[in-house]
Amino acid sequence: MKSIRIGTRNSPLALWQAREVARHLQNNNYKTEITPILSSGDKNLTQPLYALGITGIFTRDLDTALLNGEIDIAVHSLKDVPTSLPENIELIAYLERDFHQDVLVRKASSLEKPLHELKVATSSLRRRAFWLREFAHAEFSDIRGNVQTRLQKLEDLDFDATIFSLAGIKRMELPVEYEELPMMIPAPSQGVVAVAGLSSNTEINNVVAQITHDETEKCVRMERQFLSTLEGGCTAPIGAFAEIKEGQVRFIGRLCSLDGKDCIETDKIFSFEENRNYGKELAEEILDNGGRQIMSVIKETLKI
C-alpha cells in the first residue's frame with residue numbers, strides 16, 4: 001500500500017493528534033505522511049464559535065480535502081466533529097480516550113480569589129452555562145485560539161481565569177497549574193482523537209479501523225447519539241460522559257439553559273447491549289422532562 005496521507009489542522013495540538021495516529025499506523029507497518037491544512041475555525045479568532053455557526057467549523061476544510069482526494073484520512077478532536085457528517089465521509093477509527101476533564105487555569109494575580117468572584121474567559125456555551133449554574137452572577141470574556149494562544153491571552157488580557165480541556169494541557173506537556181472542576185460535565189467525546197475517511201475508500205478504511213480502541217468507540221457513540229438527539233442540529237449547553245468498567249456503563253449527561261438556571265441531568269449505570277441506542281434513549285428522557293422547552297428557548301435566543 002502507498003503511504004497514507006493524514007490531513008490535520010495545523011495547530012500544535014492537532015499536529016500532536018495526527019502524529020499519534022501516524023504512530024499507531026506505523027506500529028502496524030504502514031507508511032504515513034502528514035498534511036497540515038488551515039481550518040476556518042483557526043482563521044477567525046475574534047468571534048466566539050457560536051457566532052460563526054459552530055457546526056463543522058473545525059472540520060469542513062478537512063472534509064473538503066478528503067472529498068477532493070488531497071488526503072486519505074482526516075484526524076480530528078472528536079468533540080469538534082458534527083454528529084451529521086457530509087455525504088461519503090464517515091468516522092473510521094477512535095483512539096483510546098486519555099483525559100476527558102475540563103480544568104480551570106488562573107493567572108497568578110487571581111490565585112486567591114474564590115471561584116464565584118472570577119471573571120472567566122470562555123467562548124463555550126456549555127462551559128458558560130455550567131459555570132452559571134453554580135455562580136449565577138459570573139462575568140465572562142470571549143476567548144479563541146489554540147492552547148498556547150489562550151494561555152498568552154490569559155496573561156495579557158483583563159480576566160482572571162480560563163477553562164481548558166485537560167487533554168490539551170497533558171498532550172502538550174505544558175507546565176501550568178490547574179484546578180479540577182467537578183461541576184463540569186465534558187463535551188460529548190471530549191478527550192478522544194478520531195479519524196474520518198471516505199466511505200468509498202474501503203481498503204484504507206479497513207487498515208485504519210485496526211487502530212480503534214473498542215471501549216472508547218462504544219462510549220463516544222453513546223455520547224454522540226445523546227448529543228444528536230438533544231440538539232436537533234443546533235449548538236447548546238450539553239455535556240455527556242460515558243465510561244465502561246467491568247462490563248457496566250455509567251452515563252452522565254446534562255442539558256442546561258444558556259443562563260444555567262434550568263438544567264436537566266441523567267446519571268445511570270447499566271449493562272451494555274450491542275444493539276441498543278442508549279444515547280438516544282437517555283436524551284429522549286431529558287427532552288420529555290422539560291428539555292424540549294429548553295431547546296426551544298435556546299434556538300429562539302440564538303436565532304437558529
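Biologist: Which side chain meets Arg-133 in a salt bridge?

Modeller: Glu-265 does, with an N to O distance of 2.7 Å. Keep in mind that this is a predicted model.

Biologist: Is Arg-133 buried, partly exposed or exposed? And Glu-265?

Modeller: Arg-133 is partly exposed, at 33% relative accessible area. Glu-265 also counts as partly exposed, at 37%.

Biologist: Which other salt bridge does Glu-265 take part in?

Modeller: One with Arg-254, at 2.8 Å from N to O. Arg-254 sits in strand E12 and Glu-265 in strand E13, eleven residues apart. Arg-254 is buried, with a relative accessible area of 4%.

Biologist: Which residues make up the network there?

Modeller: Salt bridges link Arg-133, Glu-134, Arg-254 and Glu-265.

Biologist: What sheet do E12 and E13 belong to?

Modeller: An open, antiparallel sheet of three strands, ordered E11-E12-E13. E11 (238-245) and E13 (263-271) are the edge strands; each has a single partner, so one side of each has no neighbour in the sheet. On average, neighbouring strands are turned by 5 degrees against each other, direction ignored.

Biologist: How many bridges join E11 to E12?

Modeller: Eight, with E12 covering residues 248-256. Within that pairing, Phe-241 stands opposite Ile-252.

Biologist: Which strands does H5 lie across?

Modeller: E11, E12 and E13; H5, residues 125-134, runs at about 85 degrees to E12. Helix H10 (residues 278-302) lies across E12 and E13, at about 180 degrees to E13.

Biologist: Switching to the five-stranded sheet. What is its strand order?

Modeller: E7-E6-E8-E5-E9, an open sheet with mixed pairing. The edges are E7 (139-141) and E9 (179-180), and each has a single partner strand, so one side of each is left without a neighbour in the sheet.

Biologist: In what sense do E6 and E7 pair?

Modeller: Parallel, over three bridges. Ala-121 stands opposite Ser-141 in E7. Helix H6 (residues 147-156) packs on this sheet, touching E5 and E8, and its direction makes about 165 degrees with that of E8.

Biologist: Which residue forms a salt bridge with Arg-106?

Modeller: Glu-179, with the closest N and O atoms 2.3 Å apart. Arg-106 is in E5 and Glu-179 in E9, 73 residues apart. Arg-106 counts as buried at 13% relative accessibility, while Glu-179 is partly exposed at 29%.

Biologist: How many salt bridges does the structure hold?

Modeller: 22.

Terms used:
Residues numbered from 1 in each chain as written. Predicted model: local features only at pLDDT ≥ 70, side-chain atom pairs only at ≥ 80, totals over all residues. Heavy atoms only, no water. Pairing = 2+ DSSP bridges. Helix = DSSP H or I, 4+ residues; strand = E, 2+ residues; numbered from the N terminus. Contact = heavy atoms within 4.5 Å. Axes fitted to C-alpha atoms, helices over the stretch in contact; angles between N-to-C directions. Salt bridge = Lys/Arg side-chain N within 4 Å of Asp/Glu carboxyl O. Buried < 20%, exposed > 50% of the residue type's maximum accessible area, 1.4 Å probe, protein only.
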